[in-house]
Amino acid sequence: MSPLWLLTLMLALSQALPFEQKGFWDFTLDDGLLVMNDEEASGSDTTSGVPDMDSLTPTFSAMCPFGCHCHLRVVQCSDLGLKTVPKEISPDTTLLDLQNNDISEIHKDDFKGLQHLYALVLVNNKISKIHEKAFSPLRKLQKLYISKNHLVEIPPNLPSSLVELRIHDNRIRKVPKGVFSGLRNMNCIEMGGNPLENSGFEPGAFDGLKLNYLRISEAKLTGIPKDLPETLNELHLDHNKIQAIELEDLLRYSKLYRLGLGHNQIRMIENGSLSFLPTLRELHLDNNKLSRVPAGLPDLKLLQVVYLHSNNITKVGINDFCPMGFGVKRAYYNGISLFNNPVPYWEVQPATFRCVTDRLAIQFGNYKK
C-alpha cells in the first residue's frame, strides 16, 4: 500500500478514539498518536473532523511541487530536506504533508490560496518562527500537527475552524491568555513534551475552549492546573513532577472519564478529592510513591480500570475498591493493576475484589526492591 493511499485513509479514519482498552495488559496504548472523535466531542456536525468524501474525488490538476507526490487531493512532500514550504501547491489540496524536513520558518504567504486545506502536517522540522498571518488563508483547516519543532510559543491567530492541535515536543514555556481566543470548535490539544510549569499558564489561558481531550505530559508541572477547561473528558498529566492531589484540585473537572497521572511523584491523595469525578471510568496512578490505595474508589460507581502498579503500597483492605454492604456499583472493574508493590498478596482477602468481572483482571506480584 502506497504512502499516499495511507495518507488518504488517515483523513477518513481521523475520528478514531484516542485510547481503546483492548486488554488489561495494554498499559501503553494511549501513548501513540491520539486522534479524537471530533463529532462526539464538539457536538457539531459541521466540525465533526470527518472530511466530506465528495471532496476526495480525483482531480486532474497538473500542479504538484517538484519532488512531491500528489494523488487525489493529498500532497505529500515529506522527507525531502525542504528548507521552505514549496510553491505550486494545488488550491484544491485537502491534506498537505511536510513532515521530516528542514523548514525553519513559516512565512505570511506560504499557504496562500489553500482555502480547502483540511489537515496540515509540519511534524519534525526546525520551525522556530511563524508569521502571525500565515494561517489566515486556511479557513477550513481542522487538524494542525506541528509537533517536534523549535517553537517557543503557541502560534497566534490559529484558524477558527481548528478542531485538533498537536504541538508537543517544542520549547513552549508559556500559554498566554487569549492565545486560543475564537477557537470554538477545538476539542483536542496535545502539548506535552514542552518545559511548561504551573506558573506558565496565565489565568484565563483556556477561556472559551470546550475541550474534550488535553495532554500536558512530560512537562514540569508540580500540581494539577486549576484553570483548565471544565468540559474535559480526558486529562493526561503523566510524566510530570506532581507530588500530591489536594482536596479541590479536581473540583473543576467533574466530566472526566479518563485521568492520567502516571509517572509522577504523588505520595498523597487527600480524602474526598476523587469525589468530584462521578463519571470517571479510568484512573492512571502507576509509577508514583503512594503507600496505600487512594480513598474514595468504592464511591466511583462507573470506575472500571485502575492502574496502581509500581508504587509503595503495602496493604490492600477489603473495602478499598468495592462498596460496602449493599452499595451498588454500576460498572464492575475489568482491570486493577497492583503489581510491583510490596503487597503480601496472599494476605489480601478474596472479597476485596467482589466487584471485579474476572480474576484475570487483577494483577499482583513481581515486586523487586
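1. The link of C64 and C70 is right-handed, with 85° about the S-S bond. This is a predicted model, and in it the sulfur atoms of C64 and C70 are 2.0 Å apart, forming a disulfide. C64 is partly exposed, at a relative accessible area of 26%. C70 is also partly exposed, at 32%.

2. C68 and C77 form a disulfide with their sulfur atoms 2.1 Å apart. The link of C68 and C77 is right-handed, at 115° about the S-S bond. C68 is buried, with a relative accessible area of 11%, and C77 is buried at 0%.

3. C322 and C355 form a disulfide, with 2.0 Å between the sulfur atoms. The link of C322 and C355 is left-handed, at -90° about the S-S bond. C322 sits in the loop between strand 16 (305–307) and strand 17 (335–337), and C355 in the loop between strand 17 and strand 18 (362–363), so the pair ties together parts that are 33 residues apart in sequence. C322 and C355 are both buried.

4. Three disulfides are found in a search of the whole structure. Counting bonded cysteines along the chain, the pattern is 1-3, 2-4, 5-6. Another cysteine to note is C188, which counts as buried because its relative accessibility is 0%, and buried means under 20%.

5. In the model, residues 63–95 are 0% helix and 21% strand. The end C-alpha atoms of this stretch are 15 Å apart.

6. S90 lies in the loop between strand 2 (74–76) and strand 3 (95–97). S90 is buried, with a relative accessible area of 6%. The side chains of S90 and D92 are joined by a polar contact of 2.4 Å.

7. N124 is in the loop between strand 5 (119–121) and strand 6 (129–130), and is partly exposed at a relative accessible area of 35%. Apart from its neighbours within four places in sequence, N124 is in contact with N100, N101, S147, K148 and N149. With N100, the side chain of N124 makes a polar contact of 2.8 Å to the side chain. The C-alpha atoms of N124 and L98 are 8.9 Å apart, with the two residues 26 residues apart along the chain.

Notes. Residues numbered from 1 in each chain as written. Predicted model: local features only at pLDDT ≥ 70, side-chain atom pairs only at ≥ 80, totals over all residues. Heavy atoms only, no water. Helix = DSSP H or I, 4+ residues; strand = E, 2+ residues; numbered from the N terminus. Buried < 20%, exposed > 50% of the residue type's maximum accessible area, 1.4 Å probe, protein only. Contact = heavy atoms within 4.5 Å. Polar contact = N/O pair within 3.5 Å; in protein donor to acceptor, adjacent residues only side chain to side chain. Disulfide = S-S within 2.5 Å.
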